[in-house]
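Sequence and model come first.

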Amino acid sequence: MCFLNIEKAFDKVWQNGLLFKLKKKGICPSILSVIADSFCDFALSVRIGTKNSESFFVTQGVHQGGPLSSVLFLLYFDELLDELQNCKKGTNLCGTDLSCLAYADDLALIAKSPDDLQHMLNIAYDYSKKWRFRFSNSNSVMMVFGTF
């Protein structure tokens with residue numbers, strides 16, 4: 001098994017990529033427009049004590065704590081889960097093909113052999129490059145059950 005953590009997941013969602021994926025999924029154009037508008041000209045400032053920083057525009061990520069953010073994040077990453085499941089390199093648990101478990105920004109890849117796990121890691125890496133995010137090296141670990 002390999003446990004992967006997506007680095008700064010909500011902050012790293014590529015907004016144009018997300019909008020592309022939502023359009024591809026057939027999201028109603030008027031809803032897509034509302035989502036796109038929520039990203040447009042969105043500015044933040046940071047408060048430390050009683051002082052505020054200069055405002056700056058946010059050009060990537062989904063709004064942490066926003067009502068749609070969790071759903072948008074999941075829609076952004078769901079194709080990765082499909083690719084991992086469809087590669088058929090996972091294991092079988094009680095008659096169910098199982099290759100990947102996911103919770104928020106954490107993934108657990110489950111494979112029968114080191115080669116199968118490497119294949120799945122390659123899929124995850126290629127996907128991360130295409131969709132502009134990274135896995136955290138310090139928060140990702142591998143665990144071996146049995147002997148090889």
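This is a predicted model: local features need pLDDT of at least 70, side-chain atom pairs count only at pLDDT 80 or more; totals for chains, interfaces and linings use all residues.

**Helix pair.** I looked up α2 (residues 15-24) against α3 (residues 29-39). Their axes lie 11 Å apart, at an angle of about 175°. Angles over 145 degrees count as roughly antiparallel, so I log α2 and α3 as roughly antiparallel to each other. Next I listed the contact. From α2 come Gln-15, Leu-18, Leu-19, Leu-22 and Lys-23, and from α3 come Leu-32, Ile-35, Ala-36 and Phe-39. By class I get seven nonpolar residues, one polar and one charged.

**Faces of α3.** Which residues of α3 are buried? I find Leu-32, Ile-35 and Phe-39 buried. They span an arc of only 65° around the axis, which puts them on the same side of α3. The general rule is that an α-helix has 3.6 residues a turn, so residues three or four places apart point the same way. Val-34 and Asp-37 are exposed on the other side of α3. I then checked the cover over the buried residues of α3; it includes α2 and α4 (69-86).

**After α3.** I noted Asp-41, which follows α3 and has a positive phi, near 55°.

**Core.** The largest nonpolar core has 33 residues. Among those with the most contacts inside it I noted Leu-18, Leu-80 and Phe-133. β1 (2-5), α1 (9-12), α2, α3, α4, β9 (106-109) and α5 (114-130) each supply at least two residues of this core. I followed up Leu-80. Leaving aside neighbours within four places in sequence, Leu-80 is in contact with Leu-107, Ile-123, Ala-124, Tyr-127, Phe-133 and Phe-135.

Definitions and conventions. Residues are numbered from 1 along each chain as its sequence is written. Side-chain values use heavy atoms; hydrogens and water are left out. Axes are lines fitted to C-alpha atoms, for helices over the stretch in contact, and angles run from 0 to 180 degrees between N-to-C directions. Helices (H or I, at least four residues) and strands (E, at least two) are DSSP runs, numbered from the N terminus. Angles under 35 degrees count as roughly parallel, over 145 as roughly antiparallel, 65 to 115 as roughly perpendicular and the rest as oblique. Contact means heavy atoms within 4.5 Å. Ala, Val, Leu, Ile, Met, Phe, Trp, Tyr, Cys and Pro count as nonpolar, Asp, Glu, Lys and Arg as charged, and the others, Gly among them, as polar. Buried means under 20% relative accessible area, exposed over 50%, partly exposed in between (1.4 Å probe, protein chains only). The arc is that of the directions from the helix axis to the C-beta atoms. A nonpolar core is a set of buried Ala, Val, Leu, Ile, Met, Phe, Trp, Tyr and Cys residues joined through side-chain atoms within 4.5 Å.
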